[in-house]
Amino acid sequence: MIESTGEFERYDVPTNPVTGREYKGMQANILGSLNTCNQFAGFKQWLEAGRVVKKGQHGITIMMPLTGQDENGATKTKFMKRVVFAIEQTEVGIVDLFFST
């Protein structure tokens, strides 16, 4: 007989280490299928975290949902293309003052 503790195994969900948010839906499927790592962020977000994207690296394009309300109060969702980089594509480095905000 198999006994259940009522707990589920937690798999590594792709997350943004800068914001601490987990990617969901289609983004989680795309990023999770890469099997390289589970931390992804945009170029500027990596700069804010003190990391730089290595020269010559190509990011992964994902569609980020943006939810808002129209003039009638109805909820609408739009999608914007965003490019993210895996933590493996970055390195700790000196960030030029040109890029800092």
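Modeller: One term before we start. Helices (H or I, at least four residues) and strands (E, at least two) are DSSP runs, numbered from the N terminus. On that basis phenylalanine 43 lies in helix α2. Keep in mind that this is a predicted model.

Biologist: How many helices and strands are in the protein chain?

Modeller: The protein chain has two helices and five strands. Along the sequence, their pattern reads α-β-α-β-β-β-β.

Biologist: And what share of the 101 residues is buried?

Modeller: Buried residues are 23% of the 101 in the protein chain. The accessible surface is about 8100 Å², and carbon and sulfur atoms hold 53% of that.

Biologist: What about contacts with a separation of 6 or more? Which percentage comes from residues 24 or more positions apart?

Modeller: That figure is 57% for the protein chain.

Biologist: Back to phenylalanine 43. What does it contact, beyond neighbours within four places in sequence?

Modeller: Phenylalanine 43 is in contact with Val53 and Phe85 there. Its C-alpha atom is also 8.8 Å from that of glycine 59, 16 residues apart along the chain.

Biologist: How many aromatic pairs does the structure hold?

Modeller: One aromatic pair is present. Phenylalanine 43 and phenylalanine 85 form it, edge-to-face, at 6.4 Å centre to centre with 65° between the planes. The pair links distant parts of the chain. Phenylalanine 43 sits in helix α2 (residues 43-48) and phenylalanine 85 in strand β4, 42 residues apart.

Biologist: Is phenylalanine 85 buried or exposed?

Modeller: Phenylalanine 85 has 9% relative accessibility, so it counts as buried. The cut-off for buried is under 20%. Phenylalanine 43 has a relative accessible area of 35%, so that residue is partly exposed.

Biologist: New topic. Where is glutamine 89?

Modeller: Glutamine 89 is in the loop between β4 (75-86) and β5 (90-92). It is buried, with a relative accessible area of 12%.

Biologist: A buried glutamine, then. Which backbone oxygen does the side chain of glutamine 89 reach?

Modeller: That of histidine 58, at 2.8 Å. A polar atom of the glutamine 89 side chain also lies 2.8 Å from the backbone nitrogen of alanine 86.

Biologist: And what is glutamine 89 in contact with, leaving aside neighbours within four places?

Modeller: Val52, Val53, Lys54, Gln57 and His58 are in contact with glutamine 89. The C-alpha atoms of glutamine 89 and glutamine 57 are separated by 6.5 Å, and these two are 32 residues apart along the chain.

Biologist: Where is isoleucine 87 found?

Modeller: Isoleucine 87 is in the loop between β4 and β5. Its relative accessibility is 24%, so it counts as partly exposed.

Biologist: What does isoleucine 87 touch, not counting residues up to four places away?

Modeller: Isoleucine 87 touches Cys37, Gln39, Trp46 and Arg51.

Biologist: Which backbone nitrogens does the side chain of asparagine 16 reach?

Modeller: The asparagine 16 side chain reaches the backbone nitrogen of valine 18 at 2.9 Å. It also reaches the backbone nitrogen of threonine 19, at 3.2 Å.

Biologist: And what is asparagine 16 in contact with, leaving aside its neighbours within four places in sequence?

Modeller: The list is Arg21, Tyr23, Phe40, Ala41 and Gln45.

Biologist: Last one, the surface. Which residues make the nonpolar patch?

Modeller: Met26, Ile30, Met63 and Phe79 make a nonpolar surface patch of about 350 Å².

Biologist: Where is isoleucine 30 found?

Modeller: Isoleucine 30 is in helix α1, residues 25-32. It is partly exposed, with a relative accessible area of 33%. Patch residues need over 30% relative accessible area.

Technical notes:
Residues are numbered from 1 along each chain as its sequence is written. This is a predicted model: local features need pLDDT of at least 70, side-chain atom pairs count only at pLDDT 80 or more; totals for chains, interfaces and linings use all residues. Side-chain values use heavy atoms; hydrogens and water are left out. Patches are made of residues with over 30% relative accessible area and no salt bridge: like charges are joined within 9 Å, nonpolar side chains (Val, Leu, Ile, Met, Phe, Trp, Tyr) within 5 Å. Accessible areas come from the Shrake-Rupley method with a 1.4 Å probe; for residues, only the protein chains shown count as cover. A salt bridge is a side-chain nitrogen of Lys or Arg within 4 Å of a carboxyl oxygen of Asp or Glu. Buried means under 20% relative accessible area, exposed over 50%, partly exposed in between (1.4 Å probe, protein chains only). Contact means heavy atoms within 4.5 Å. A polar contact is a pair of N or O atoms within 3.5 Å; within protein, one must be able to donate a hydrogen and the other to accept it, and residues adjacent in sequence count only if both atoms are side-chain atoms. Rings of Phe, Tyr and Trp (its six-membered ring) pair if their centres lie within 6.5 Å; planes under 30 degrees apart count as stacked, over 60 as edge-to-face and the rest as tilted.
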